[in-house]
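Open the model and keep the sequence beside it.

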Amino acid sequence: MGSGIIEEEEEDTVSAQKQGMVFEWYCDHSIVCRWGDHIFATYGVAMGCAAATFCATHVALLRALCAAAVLPSGFACEGFALLQLVAFLFGGRACSMQLEDRHVINQSVWRAALRPGMLSSGGQAFWVGTCLATAYACGAAAPWAAALALHDATMASFFAMMPLMKVGCVTYGCCWGCEAARAAWWTTVYTSPHAKVLQARADLCGRPLVPTSTLQIALFVATMAAGVLLARRASTIPVGTLTVVLPWVHTLINRAVYAMRGEGAPPEIARFTQQEQRRHRERWTRPLKALSLAGALSWTVALSPSVDVVAHLRAVAPASPASLSLAFLLYATAFGYHRGALGQWCVRRASSRQYQSDRTVHKAHPHTE
Ligand SMILES: [Zn+2]
């Protein structure tokens, strides 16, 4: 009986803390529906919306660049936007797999490595490749300028999709903040056992956390607002400007927020440290940083033409409902479908002892942005 009273008191504390939640009040809504082993996560809805936003922004910018004659007039804008979404998925998965699933790959348990965990640095690395390859294959008059233009459009669309991606992170519980000194209206409290944060750190259940994802959303929105204001004031912008500027802005935002990120799994079960993860990400962002520096260099030798993107943007047709729906479905499925538990795809429960033990390992390795 005594323990019952203590539990009630604990529940009261948790609900009192949750009442104060203002920014990330939806953090415990991690699952939309489940049917037996099949789970559809709220993460998928947010990522589907993020992908549709990426597609709409990307297609509009590419069409403006075609109108400005930086890209050839018959360029497949919608096809390229969808290709970039696919490239981001494969790059993100490859990057995550190399770090987070190396233990199962080393044991040749490939199916266990197939799960919805992505690291965005890998997606960005693949984008550099697709932009360069497409620019040199599409018959553009100036392929280098076309590559920078394609990458500019991709970076702008990435910033546009980021706020919705971070909303998804809140519901998934993957990018949690460090513990706050005390419960307050701005703190986040997870109590859902499905949230990745509590799968890795059960001790954080009911604890007040810093809302790092919301902070990131605010910083991305502020960057975009500043960018739109600057673009409207300037008559023309050199091609490659966003490729030169945005990767460093992204790094600054991440650095600022990572200082407030929570720790992952406890050291006794963690397979990599936060430091190792940061070094891994940095390795994967090297192609992006190299393209950014090359873009800055081509400014100085006047290889980049200047275009009035805003004027052209007003006259272009938006992306078709078909490509927006395809973008939504692609990401809603890739990020929303889980099997057995959040964070798994192909690992059947009790299909083998090996998989069973990997389940435990995966619990210790939450997806990270
Ligand atoms: Zn995340």
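Two residues are in contact if their C-beta atoms, placed from the backbone, lie within 7 Å. Take the contacts in the chain between residues at least 6 apart in sequence: 81% of them join residues at least 24 apart. This is a predicted model. Its secondary structure comes to 15 helices and 5 strands. The chain has 369 residues, and buried residues make up 47% of them.

Start with helix α10, residues 241-258. It has 18 residues. From first C-alpha to last, α10 reaches 26 Å, close to the 26 Å expected at 1.5 Å a residue. Which residues of α10 are buried? They are Thr241, Leu242, Thr243, Val244, Leu246, Pro247 and His250. These buried residues pack against three elements: α7 (143-172), β3 (237-238) and α12.

Take α7 now. The axes of α7 and α10 come within 7 Å and cross at roughly 40 degrees. That angle makes α7 oblique to α10. The crossing is left-handed. On the α7 side, the contact uses Leu148, His151, Asp152, Met155, Ala156 and Phe159. On the α10 side, it uses Thr241, Leu242, Thr243 and Leu246. By class, this contact of α7 with α10 divides into 6 nonpolar residues, 3 polar and 1 charged. Those four α10 residues, Thr241, Leu242, Thr243 and Leu246, are also among the buried residues of the helix.

Next comes α12, residues 286-300. Helices α10 and α12 pack at an angle of about 135 degrees, with their axes 8 Å apart. Why are α10 and α12 called oblique to each other? Angles over 145 degrees count as roughly antiparallel, and the angle here is about 135 degrees. The pair is therefore oblique. This crossing, too, is left-handed. From α10, the residues Thr243, Val244 and Pro247 take part. They meet Leu288, Lys289, Leu291, Ser292, Gly295, Ala296 and Trp299 in α12. The contact of α10 with α12 has 6 nonpolar, 3 polar and 1 charged residues. Look at Thr243 in particular.

From α9 come Thr212, Leu215, Gln216, Leu219, Phe220 and Thr223. From α10 come Val249, Ile253 and Val257. The contact of α9 with α10 has 6 nonpolar residues, 3 polar and no charged.

Phe328 sits in helix α14, residues 321-336. Is Phe328 buried or exposed? A residue is buried if 20 or more other C-beta atoms lie within 10 Å of its own. Phe328 has 20, so it is buried. What does Phe328 touch beyond its neighbours within four places in sequence? It is in contact with Gly48, Cys49, Ala51 and Ala52. Ala52 is 276 residues away from Phe328 along the chain, yet their C-alpha atoms are separated by 5.2 Å.

Ala180 lies in a loop, the one between α7 and α8 (196-200). With 17 other C-beta atoms within 10 Å, Ala180 is partly exposed. Set aside its neighbours within four places in sequence, and Ala180 is in contact with Thr187, Pro208, Leu209 and Val210. Leu209 is 29 residues away from Ala180 along the chain. The C-alpha atoms of these two are separated by 5.1 Å.

Finish at Ala69, in the loop between α2 (42-67) and α3 (77-100). Most residues other than glycine have a negative phi. Ala69 is not a glycine, but it has a positive phi of about 65 degrees. Ala69 has 14 C-beta neighbours inside 10 Å, so it counts as partly exposed.

How values were computed. Residues numbered from 1 in each chain as written. Predicted model: local features only at pLDDT ≥ 70, side-chain atom pairs only at ≥ 80, totals over all residues. Axes fitted to C-alpha atoms, helices over the stretch in contact; angles between N-to-C directions. Helix = DSSP H or I, 4+ residues; strand = E, 2+ residues; numbered from the N terminus. Parallel < 35°, antiparallel > 145°, perpendicular 65-115°, else oblique. Left-handed = near helix turned anticlockwise from the far one by under 90°. Nonpolar A, V, L, I, M, F, W, Y, C, P; charged D, E, K, R; others polar. Expected span 1.5 Å × (residues − 1). Buried ≥ 20, exposed ≤ 12 C-beta atoms within 10 Å, placed from the backbone.
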